[in-house]
Structure formats: C-alpha cells, structure tokens
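Subject: Structure for your records

Dear colleague,

Please find the structure below, followed by an account of what was found in it.

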Amino acid sequence: MYKLNIRKGMTEEEIDVAVNQALNMMTLKEKVATMSGNNFYLLLLKDHKFGVRAYPGGGVKRLNIPPFLFTDGPKGVSIPGSTCFPVPMARGASWDILLEEKIGEIMGKEARAQGANLFGGVCINLLRHPAWGRAQETFGEDPFHIGEFGAAIIRGVQKHNVMATVKHYAANSIEYSRFKVNVQISERTLREVYLPHFKRCIEDGCATVMSAYNKVRGEYCGHNSYLLRDILKGEWGFDGFVHSDWMNGLRDTIKGISGGLDVEMPRAKYYGRKLEKAVKLGKVPLNLVDDSVRRILRTTLKFTTKEDPLKYDSDVIGCDDHVKLAREVAEKSMVLLKNQDKLLPFNMDEIDTIAVLGHLADKKNTGDHGSSHVRQKNIITPLQGIKNSVGNKVNVIHNEGNDIDIAQQIAQSVDSVVVIVGYTSKDEGEYIPHISKGLGDRTNLTLKEDDIKLIDAVTKVNKKCVVVLVGGSAIIMEEWKGKVPSILMAWYSGMEGGNALANILFGKVNPSGKLPFTIPKDQAHLPYFDIYIDEIEYGYYHGYTLMEKENIDPAFPFGFGLSYTEYSYKNIRVESTDEKIIVNVDVSNIGAIAGEEIVQLYVGFENSSVDRPIKLLRGFKRVSLNPNETKTVSIEVKKKDFAWYNPDNRVWEVENIEYAIYIGSSSKNEDLLTTQISL
Ligand code: GLC
C-alpha cells in the first residue's frame, strides 16, 4: 500500500507537496473523516472520566498522516498529574509576558509528554463583566493586555511543536447562556474591543482556533462566515484550522462548512457521513471540503514533522522545576489592594500566635472544575503554606469560621489574623448542563453573607487582620473594605498557592501584582449582564473605559496594586520614528526593600473627532528595582496601535491629532505622568 513520505524535518514546500498528493489519493470518506474528532465516546466509556487523556481527530493512517491529539487547559494541561498553575486571570495580574511564555513552554512540554499535540488552553475572551463564570480562564478586561498574554503562551506552547488553540472565537463572555445567546455588536465594537486580541494571536502564528458556542449577529459562531471566512481566514490570512467547541458548537452540516468550520469536535455528528452525503448530492462543493482538509493536514504536518528541541519523557510532568515556576507565578500575581499602617508584611519575630480563619483556609481550591480542571493532588492550601513558612516560630490556630463566636474568640486571643474567603468552583466556573453544581456565572459580586459576618466579627476584636480573597475576577467589597487594614487578592493560585501566599504575608516576597480589571464600588457601574438572556448588546465601553467615560470612581482602578516598597516616576519623554513612538521614564525605588514595579503606558484620545475612550492601555513593562535604584524604562507603541476602525470604509485609521501619553503605576490619573505627541 502506498504511504506518503512523512518524516521529521520536512520543509513547508515538502509539506505542501505531500498534502497535494494526499488530497489526490484520499477518498471523500477519508477526507470527511479528517474533519472531526474520532472515537471520543469510546474513550470516555473506557475512562469513565473526561479529560484524562488526549482526544484524537484528523489523521489518515493509510497515508501515514498523524492525527491531532487534543487536551484542555488553561491553568495547566488537564491530563492528571500536570503542573497546576494559577489561573490565567491571576497570571494577567503578573503583567509578566516572559513568565507567561515560560508557562506556555512548560505546558507544551507536559502536553507532549502525555501524548498531546493540540492544546486548547488559550482562552482570551474579554472580561466584559466580572460575573462571567469563566472569567478566571482569561487574562483580563483589556484587549491589548489579553492579546499580549495570549501571544506569549502560544509562543511558549508552540516551541514544543504543540498546536495552540485560541478560544472561544468570538464574543463569548457569558457562561450560563453561552449555548444560545445572540450577541449584537457594532462593527467598531467588534473590531476595536472583542477581536484585537484574537488578531494578535493569529499574527503570532497560533495554529488553530476554537469557535464559540454563542451567536454573533444572529449566527452561531461555528457557522459564522463573517467571523470565520471573511475576517479570520480572509482579512487576517489565517491558514490553520478552525474547530468547534464541544457540546453543540456545530448544529448544521451545510451551515458549518459554508461558514468556514473545518473540524467538528469531539466527534462526527453533523460532519462525517452527513457531510459526505451533502457533497455527493451537490449541496456542498468539494472544494470547500478540500480547503478544510488541506488546512488540517498542513497544520498537523507542520507541527508533527518539525524537529523537536527536546525529548519529552514522562518525568517532566509536574517535575520540581515546573512546580517551582508555579510558585513564582503565584507570588508575582497576588495583588495587595490595601495595607493600612503597613500591617503587612507580618514579622515572625513579633508574632507568637496567628489565626488562620475562613472556609477557604485549608481548602485545595484551584478554581473551575469544568474543562479547565487540572487533576493535581499536591496542592498546598493557605493553611499549609503558612505552617510551612512559620515552622515552630509561630503558633498557628486554624478555624473555618462556621461558628462566628468561636472564630471571634480566637481572633481576640491571637496577635494577628488571616481571613481567607471568596469562591470555589461551585460559585463560578464552566457551566456544563446536568453536570455542573452551579450556574457557571456568579449571581452576586459581593462575598457571601457568612464571609462578611466573619470579617465583621474578627475586625471588631483584632485590628491586625488581613483579608485574603480567593476568586477569578472582581469582588465588590464596599460593605467591609473600610474595616479591614489589609486586603490581598490571591486568586485561584494553583498547586503552590499556599506557599506563595505565606511568602507574601511574611515578607519573603514583595507583592507586585496589579489588577487586570477594574473593581467597581457598585454593580450598577458595570455593563448590563443577565445570565439567562437570549440576546444582548455588547457596547463599546466596559471596565475602565466605561468608568472613565462616565466619570465613575472605581473601588480599585485597572492596573492598581501596592507593594511593600514605593516607587516614584520622573521625566517622561517621547521620541517618534516613522513606525512607532518610544516613551521613556525614570522609575525609582524610594522605599527600603527591593521590588518589582509594573509600568503602564496609556494613550489618551480626548482630541479625537470620533467617540473614543478617554485612554487605552498600549504598553507595559515589569521592572525590578533595588532600594534607591533608578532605571529608565522604555516602552514602544506602534503608530498603527493609535488607530480606530472606521466602519464606513472598513479600514483602520490613525488620526493626525495630538494624543496624550500617560505613563505610571496604574490607570488612575493621579498615578500617571503625562505628555503629548502629535501624529
Ligand atoms: C467546552 C469548553 C471548551 C473546552 C471544550 C473541551 O465545552 O467550552 O473551552 O476546550 O469543551 O473540553
């Protein structure tokens, strides 16, 4: 039997030749067979559990063409034993692109070691509203920031010849109604707010795209030829393949293939035999099938024939180096929101007894238990981390706080208190009908009543109290914020979260994370959100752009986070070349300890002749500074990133006006130096 000469080290030209040969040799049945996942239910029956292996699709055995093998993410490879990192929202708060690329590399290595070559762990949907159940799976509310993170993880994963999947394309930002909701959206909002991060990932070479369940402008995303054919494959020149989301991401054979969906996952329901029949009846032109097959084979071969930089033995899975990085990430992502009278860091030499209270104090809580769940047993809880850190030096008293009176008595009897409260996978996460324990989305943005009562009771008797929040996005804190001296946003911080938390509480690590979203004072300050809705309009403004436009003061602004040291900014200056502007600023550490600062650059559009946000993030950099050290931080912005999308002539336009340039430590005006530049 003839087999193609498929081997390591093939050039792109050789791959193209092989794919053409394959297309000539394949039967229609074989062609449609490559266009779906296969054996999914058989494997599920065998395993009794979802996500414990890589799921195959594509491939032509007769011709030596390997299948793609899918595994989920994004807080780690979902196959059991993999390193469990902090969730992407936490990593978004690290603003550390190099670190994200390293995380991507680890995920790539662990995916390979477990037989996967297609990684569904790059979720970059925009955080439009903090109640979104899967907020934790994305990186934040700002398209520029999310795009940088998405591109970084993709670069890392793909270094190990794993095809990355960016998901869920597009406008997927409500969980419970994700299977039906129709998102109405203007052209400008789509182009400027909901798509730039996808475009960024495609430009960086992302191999595959997963279409979303929801509809955009009346058409399911898996059938949406405007999104898939016109924009993604047409305008952006995407040459990889698009696969559907898993439960009902494809609902119609002809609509799917005409719309531009190449692969139906996880099995052939509308493709397979139905697609074969539709071609035979002349309802679907063969060239559409050939185009999809070409994309699938080319992409799979490009990745599977590339020489590997490493060998991927099973001992890389969850190895010490990877776990160590998971801790570093957790440390860099926690955000100190309040630290009155410098309560933190706690000094072990001055504390005899510390109480660790709250229902999450000793809970192995890594967030969502849906497709993003990483089955990892070795999870350090906050209590364990604190005990590991203090050893015999400090007496640790643990209480879940179920009986408020007892918790209060404990709080009264100790030197300091840590209250650990917030959410679990039951409160927020992916909604899977008949399986999920909750609704996916949150129905309330505040802490639960019992958590608030605990905070009240404790702060009445002990002023040395820090509240540690666990969750995937904004929590409204107005009811109790004023009573607590210190607040730390700790996120779902992965398998090493407890150790990372202790290192921050006791000052081994100086906190440096900054919010990748705005925390409002009131739910009324957010865009309209309804988890049961059939149709919703996504407006041009959300998050900080909305609050700035409407002059609303947030509880904590986008980009905000404190440190145990202080930084000062001086001497903003801007240079301009044909392609870009370069903004320099001198940043000094004026406190007593070393730290890392996240410098943010925003562009202001007040002189625009069209309606635009007050300002938009257009660059950021993490910089480490010793006490008394000053560094000049230089951030570049491409001139094309000043553009707005003109829906009349369908082009990106850069206005020749004066723009404001802001640089500083958060999006709050008081935290920014400013200057102007004319383009
Ligand atoms: C889903 C999710 C998607 C995931 C897929 C496979 O329903 O929406 O993110 O990758 O299933 O588990």
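Lys 332 and Glu 328 are four residues apart in helix α13 (residues 320–333), so about one helical turn separates them. Their side chains meet in a salt bridge at 2.9 Å, N to O; a salt bridge here is a side-chain nitrogen of Lys or Arg within 4 Å of a carboxyl oxygen of Asp or Glu. Helices (H or I, at least four residues) and strands (E, at least two) are DSSP runs, numbered from the N terminus. Lys 332 counts as buried because its relative accessibility is 16%, whereas Glu 328, at 26%, is partly exposed. Buried means under 20% relative accessible area, exposed over 50%, and partly exposed in between (1.4 Å probe, protein chains only).

This is a predicted model, in which local features need pLDDT of at least 70 and side-chain atom pairs count only at pLDDT 80 or more, while totals for chains, interfaces and linings use all residues. Residues are numbered from 1 along each chain as its sequence is written, and side-chain values use heavy atoms, with hydrogens and water left out.

Lys 332 also forms a salt bridge with Glu 596 (4.0 Å, N to O). That pair links distant parts of the chain, since Lys 332 belongs to helix α13 and Glu 596 to strand β19 (residues 595–604), 264 residues apart. Glu 596 is partly exposed, with a relative accessible area of 26%. Elsewhere, salt bridges that share partners join Glu 101, Glu 105, Glu 148, Arg 155, Lys 159, Arg 200 and Asp 204 into one network. Glu 100 pairs with Arg 91, their closest N and O atoms being 2.8 Å apart; Glu 100 counts as buried at 1% relative accessibility, and Arg 91 is buried at 0%. The count of salt bridges comes to 49.

The domain assignment, which comes from an automatic or database source, gives domain 1 (12–314), domain 2 (326–545) and domain 3 (565–678). The C-alpha centres of domain 1 and domain 3 lie 33 Å apart. Their contact (heavy atoms within 4.5 Å) takes 15 residues from domain 1 and 16 residues from domain 3. Between them the two domains bury about 1,400 Å², 63% of it on carbon and sulfur atoms; buried area is the accessible area (1.4 Å probe) that two parts lose on being put together, summed over both. On the domain 1 side, Trp 95, Phe 144 and Arg 188 lose the most area to domain 3, together 48% of what that side buries. Two salt bridges are counted between domain 1 and domain 3. Arg 188 is also one of the eight residues of helix α7 (residues 187–194), and eight of eight are buried.

Strand β13 (residues 416–422) is mostly covered, with seven of its seven residues buried. On one side these are Ser 416, Val 418, Ile 420 and Gly 422, and on the other Val 417, Val 419 and Val 421. Strand β11 (residues 353–357) pairs with β13 in the parallel sense over four bridges, pairing being assigned if DSSP finds at least two bridges between two strands. Ser 416 is the bridge partner of Ile 354. Six bridges join β13 to strand β14 (residues 465–470), also in parallel, and Val 419 stands opposite Val 467 there.
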